[in-house]
Amino acid sequence: MIAMDKFVFTVSELNRYVRSVLESDRNLSSLFVSGEITDFTDHYRSGHLYFSLGDGQAKIKCVMFKSAAAWLKFRPKNGMKVICRGRASVYERDGSYQFYCEDMQPDGVGALAVAFEQLKAKLEREGLFDSAKKRPLPEIPERVGVITSDTGAAVRDIFSVSERRFPMAEIVFCPALVQGVDAPESLIKALRTLYRERPDVIIIGRGGGSAEDLSVFNDEALARTVAASPVPVVSAVGHETDFTICDFAADLRAPTPSAAAELVFPDVSQIEDRIAELRRQIRFSVRRCVDDRLVRLSALKGRDVLKYPARYFELKIQQTDTLSTRLKRSYADCVNAAAAEFKSAVIKLNALSPLGVILRGYAVVRHNGDIVTSASAVSAGDKINVTVGDGSINCTVDSTEVRVNE
Amino acid sequence: MSEKVMNFEEKLKRLEEIVSLLEGGQCSLEAATELFDEGMKLSAECDRMLDTAVRKITEISPEQESEK
């Protein structure tokens, strides 16, 4: 504490004194200030934010150090209306009176909208909303997870729609807060609980409300949890026209919880019709399969070969007979030909036979066993043998005469 | 056929598969008979599931996050 009896102060001493006066004031050590941001600069190298807050009539210089600025869920910009929590003090080195900002929130609908757009753009850049990541809902869910308030119309609407359309699905209901500062964490806890339960699909949402109520579903951590879901998520925040960050992060967005239930739960009568139709088609196809074969079988039975099998044999019998006849004929022909040849040979033989000659009156003369062909071969007194047709005659030559040929 | 337990949706898909196999006309008579039997069995099972009139709602409370 500076002794106040010195009446000439150094600047350092003065600034230090003013600072201690300000910092000892309870009101100034923690307060909320609202205003519009101007003169905004963020020294990226340092990460500290320097700006002014003004209300059109007065301005104050502000600084938000990197350690506090890192927690911001949005990027402050000139023109934004914000509410800052912090303390007022003096920067000793240059004597400037400034506001040390420890937390900052967007103020008013315009500011909220800007923060929304910034978060949406950031998560979009990270690929959280990629359509490639969107999963289709199961056609026939057997277990459906529901996260919403356990009071209010939303849960009743979902139950009644499911009862009407598809009562055979099991609903796993995990209630959560859907408004207030604790809501995002409550919703995240509920999601994590259901992720362990592994339903086929999850509906998360609430009925209609004010923009502030619905802004719960713009929470970044909640959106990240939704995007990381192992099962398809349907976001059903009671907005007809506007979207929440959760809507983008989810696999499907429904305008209301009832609409979500209509999308998630199939119409059982349609399914029954489908099953009946499939059964009909199976019967029809199998009958056609059988009929097709019956027709082919009939056609084959109508063919002559199967209808008059005897004819086949008749043909064979006929063929055999024909061949048999031909065989006999050609054999007979062979025999006759041979017989004829034999007969002509016999005739030729007979013609050449000396016996025939002899029968006609000619005789064979032998002398001493040799055949006599010339009259000069014998002389008078020789004994000769004459063979005639029926025997032989022994003779003695009386005389011979040789004929002289001219 | 493996004895894997199919959920409702899988049964319905198998049913549709059977229909298109039969409509393809490439089946032998024996195969068609087997498919017919399987199809009728599946469609009866599906119908039985849809007949369940009892609707089940299970309420669970959010657990404390002890592990990440």
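1. A helix has an expected span of 1.5 Å times one less than its number of residues. Please keep in mind throughout that this is a predicted model. Helix H11 of chain A covers residues 268–302, and its 35 residues should therefore span 51 Å. The C-alpha atoms at its ends are 51 Å apart, which agrees with that expectation.

2. Which residues of H11(A) are buried? They are A:Val268, A:Ile271, A:Ile275, A:Leu278, A:Arg279, A:Ile282, A:Ser285, A:Val286 and A:Cys289.

3. Is B:Ser43 buried or exposed? Its relative accessibility is 1%, so B:Ser43 counts as buried. Apart from neighbours within four places in sequence, B:Ser43 is in contact with A:Ile275, A:Arg279 and B:Leu15.

4. Chain B has 68 residues, and 32% of them are buried. It exposes about 4700 Å², of which carbon and sulfur atoms supply 53%.

5. Chain A has 406 residues, with 35% counted as buried. Its secondary structure comes to 14 helices and 14 strands. Among the contacts in chain A with a separation of 6 or more, 58% are accounted for by residues 24 or more positions apart. Chain A exposes about 25200 Å², and carbon and sulfur atoms supply 55% of that area.

6. Now for the strands. Strand E6 (residues 143–147) of chain A is mostly covered, with four of its five residues buried. Four bridges join E6(A) to strand E7 (residues 170–173) of chain A, and the two run parallel. Within this pair, A:Val144 stands opposite A:Ile171 in E7(A).

7. Elsewhere in chain A, four strands form an open sheet in the order E12-E11-E13-E14, with antiparallel pairing. Which strands stand at the edges? They are E12 (370–371) and E14 (391–396) of chain A; each has a single partner strand, so one side of each is left without a neighbour in the sheet. Strand E13 (residues 383–388) of chain A is joined to E14(A) by six bridges, and A:Lys383 stands opposite A:Thr396 in E14(A).

8. Finally, have a look at the surface. A:Phe9, A:Leu14 and A:Val18 form a nonpolar patch there, and together they have about 220 Å² of accessible area. A:Phe9 lies in the segment before helix H1 (11–24) of chain A. With 32% relative accessibility, A:Phe9 counts as partly exposed, because that class runs between under 20% for buried and over 50% for exposed.

Conventions:
Residues are numbered from 1 along each chain as its sequence is written. Chains are lettered from A and ligands numbered from 1 in the order in which they are written. This is a predicted model: local features need pLDDT of at least 70, side-chain atom pairs count only at pLDDT 80 or more; totals for chains, interfaces and linings use all residues. Side-chain values use heavy atoms; hydrogens and water are left out. Patches are made of residues with over 30% relative accessible area and no salt bridge: like charges are joined within 9 Å, nonpolar side chains (Val, Leu, Ile, Met, Phe, Trp, Tyr) within 5 Å. Accessible areas come from the Shrake-Rupley method with a 1.4 Å probe; for residues, only the protein chains shown count as cover. A salt bridge is a side-chain nitrogen of Lys or Arg within 4 Å of a carboxyl oxygen of Asp or Glu. Buried means under 20% relative accessible area, exposed over 50%, partly exposed in between (1.4 Å probe, protein chains only). Two strands pair if DSSP finds at least two bridges between them. Contact means heavy atoms within 4.5 Å.
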